[in-house]
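Notebook open, structure loaded. I'm jotting down what I look up as I go.

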Amino acid sequence: MLPSTKWMINPSWAQARYDEIKKEVSGYIKKIGYNPEKVDFIPISGWHGDNMLEKSPNLAWYKGPTLLEGLDRIVEPKRPSDKPLRIPLQDVYKIAGIGTVPVGRVETGVLKPGAVVTFAPTGVTSEVKSVEMHHTALIEAIPGDNVGFNVKNVGVKDIKRGNVAGDSKNDPPLETIDFTAQVIILNHPGQIHNGYTPVLDCHTAHIACKFSEILTKIDRRTGKSIEDKPKNVKNGDAAMVVLIPSKPLCVETFTDYPPLGRFAVRDMRQTVAVGVIKEVNKRAAGTKAAVVAGKPGKEAKGKDAKGKDAKAAAPGKAKEAKGKGKK
């Protein structure tokens, strides 16, 4: 993080104002997990060009870096390409002459043509025929790449936005039965009790989840338990909560897959809480529920229905022909 204190057209260059802003912002970023002691607060004036590229004589009291120096100090984060593959789907397209093309951002792992991927929570498995980014074929896609990839023998109705693709041979994604999360209530007008069912925005999924049980109320900073099994929580409270999705969903723990382990709680057209996932109870692959989610039964049933319709139509045609013969 690199906060900059920006003076506009008529700068005062007052250190008192800089210290005031620094104190206020430090308190906020400390709440969300940053250490203010390791953050550079850089005073600048974009209009006058002060402290942007070179030290400004107007800021003799400031001993820190310029904006350019601050940007150069930032260490590029390591891309999690060594972890198993996870791609939350943003959309699924059917392109003439190509087939089904899911689109999404590679969050962890590496996607290559020829890989066999599994989509959760549906349980559909398919081979990747090709991978493209901005209409250019890729040998491999790494974390951060927004890609489209063509898959074999998968219909556009078999997978959808909110599904997660992963390597079928290396920790494949699975459907979530329930999960335990640390939730911080930010802006809720009342009290939240067991049974509360808001909508969760987690990666690309947008699904209602029930607050099945509020396990403990905890201290936001230390994470220590304050009260076991509280009746309710309200604004400013943090709690460990068990949530149950109302529809099939795939999530992961924040420690293993950060992009799939954080969420926002939406209600009344606003974000009322945020949370990180600590534990996930997954449905084992190949169970009856996973098969139903993959919808192979419905496809087979549809084919049978067509076969029955065809047989049913045959007697009708025979009667028509018989009728014409009589005439």
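First thing I wanted to know: which residues does Phe179 touch, not counting residues up to four places away in sequence? I get Leu200, Cys209, Val241, Val242, Leu243, Pro245, Leu249, Val251, Phe263, Ile277, Glu279 and Val280. Contact here means heavy atoms within 4.5 Å.

Ground rules before going on. This is a predicted model, where local features need pLDDT of at least 70 and side-chain atom pairs count only at pLDDT 80 or more, while totals for chains, interfaces and linings use all residues. Residues are numbered from 1 along each chain as its sequence is written, and side-chain values use heavy atoms, with hydrogens and water left out.

**Confidence.** I checked pLDDT, the predictor's confidence in each residue on a scale from 0 to 100. The protein averages 83, and 83% of the residues score at least 70. Residues 287-327 fall below 50, and that stretch has 13 contacts in the model beyond near neighbours in sequence. Where pLDDT is low, the predicted coordinates should not be read in detail.

**Cores.** Next I looked up nonpolar cores, meaning sets of buried Ala, Val, Leu, Ile, Met, Phe, Trp, Tyr and Cys residues joined through side-chain atoms within 4.5 Å. Buried is under 20% relative accessible area, exposed is over 50%, and partly exposed is in between (1.4 Å probe, protein chains only). The largest core has 24 residues, and Phe179, Val183, Leu243 and Phe263 touch the most other members. At least two residues each come from strand 10 (176-185), strand 11 (199-202), strand 12, strand 14 (238-245), strand 15 (262-267) and strand 16 (270-282). Strand 12 gives the largest share, five residues. For the record, helices (H or I, at least four residues) and strands (E, at least two) are DSSP runs, numbered from the N terminus. I also noted a second, separate core of 18 residues, which includes Val106, Val117, Ala141 and Val151.

**Rings.** Searching the whole structure gave me six aromatic pairs. The rule: rings of Phe, Tyr and Trp (its six-membered ring) pair if their centres lie within 6.5 Å, with planes under 30 degrees apart stacked, over 60 edge-to-face and the rest tilted. Phe119 and Phe149 are stacked, at 6.3 Å centre to centre and 5° between the planes. Phe119 sits in strand 5 (residues 116-120) and Phe149 in strand 8 (residues 146-151), so this pair ties together parts 30 residues apart in sequence. Phe119 is buried at 0% relative accessibility, and Phe149 is buried with a relative accessible area of 0% too.

Back to Phe179: its ring centre is 6.1 Å from that of Phe263 and the planes are at 70°, so I log the pair as edge-to-face. Phe179 in strand 10 and Phe263 in strand 15 are 84 residues apart, so to speak a link between distant parts of the chain. Both are buried. I also have Tyr18, Trp61 and Tyr62 down as one aromatic cluster.

Thr216 touches, among others, Ser225, Ala238 and Met240. Leu215, also found in strand 12, is partly exposed at 26% relative accessible area. Its contacts include Thr180, Pro230 and Val242. From Leu215 to Lys231 I have 9.7 Å, C-alpha to C-alpha, across 16 residues in sequence.
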